[in-house]
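Dear colleague,

Please find the structure below, handed over for your review.

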Amino acid sequence: FVALFLLLHNEMVTGVYKSQEQGEVENGRCITKLENMGFRVGQGLIERFTKDTARFKDELDIMKFIYKDFWTTVFKKQIDNLRTNHQGIYVLQGNKFRLLTQMSSGKQYLDHAPKYLAFTCGLIRGGLSNLGIKSIVTAEVSAMPTCKFQVIIQTM
């Protein structure tokens with residue numbers, strides 16, 4: 001399953017960026033398009049994964065679910081670290097993030113990392129949205145294939 005997901009993800013990224021090269025998508029809109037695709041998938045997946053789950057107590061409980069169950073189901077590997085400042089900011093860190101491990105670890109590939117992370121940012125944001133949490137999700141890579149996803153919870 002993971003191999004199929006990795007292949008599908010690579011084809012999505014390639015397809016979106018090919019349409020940009022052909023002038024079908026404005027430059028700079030590719031990341032947004034991939035993030036929106038991830039958002040819709042995240043909403044659907046979280047609905048399926050939580051149908052038999054008890055209600056969550058609070059925001060931290062939801063983030064623990066994302067950290068343990070959701071991530072493990074999607075990527076077949078638990079995320080390496082979850083940290084919070086207890087003020088609405090969470091950082092999920094993957095030391096060998098699967099969507100980046102197939103790329104070379106040279107610094108010249110750091111520029112390409114955002115397009116391979118946009119879908120996952122949307123996936124997290126979509127899942128949280130369907131659980132009633134509005135958020136901003138960003139990703140940063142300082143050394144391949146380590147990646148940090150920052151989740152900022154937006155208060156209503």
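Strand β2, residues 89–94, is mostly covered, with five of its six residues buried (buried means under 20% relative accessible area, exposed over 50%, partly exposed in between, with a 1.4 Å probe and protein chains only). This is a predicted model, in which local features need pLDDT of at least 70 and side-chain atom pairs count only at pLDDT 80 or more, while totals for chains, interfaces and linings use all residues. Residues are numbered from 1 along each chain as its sequence is written, and side-chain values use heavy atoms, leaving out hydrogens and water.

Helices (H or I, at least four residues) and strands (E, at least two) are DSSP runs, numbered from the N terminus; two strands pair if DSSP finds at least two bridges between them. Strand β1 (residues 81–84) runs antiparallel to β2 and is joined to it by four bridges; L82 has L92 of β2 as its bridge partner. The two strands form a hairpin with four residues between them, and H86 in the turn has a positive phi of about 60°. Strand β4 (residues 147–153) is also antiparallel to β2, with six bridges joining them. Here, G94 stands opposite C147 in β4.

**Helix α2**

Residues 30–49 make up helix α2. Its buried residues are C30, L34, E35, G38, F39, G42, L45 and I46. Seen down the axis of α2, these fall within an arc of 170° (taken from the directions from the helix axis to the C-beta atoms), so they line one face of the helix. On the other side, R40, E47 and R48 are exposed.

Yours sincerely

Conventions
The expected span of a helix is 1.5 Å times one less than its number of residues.
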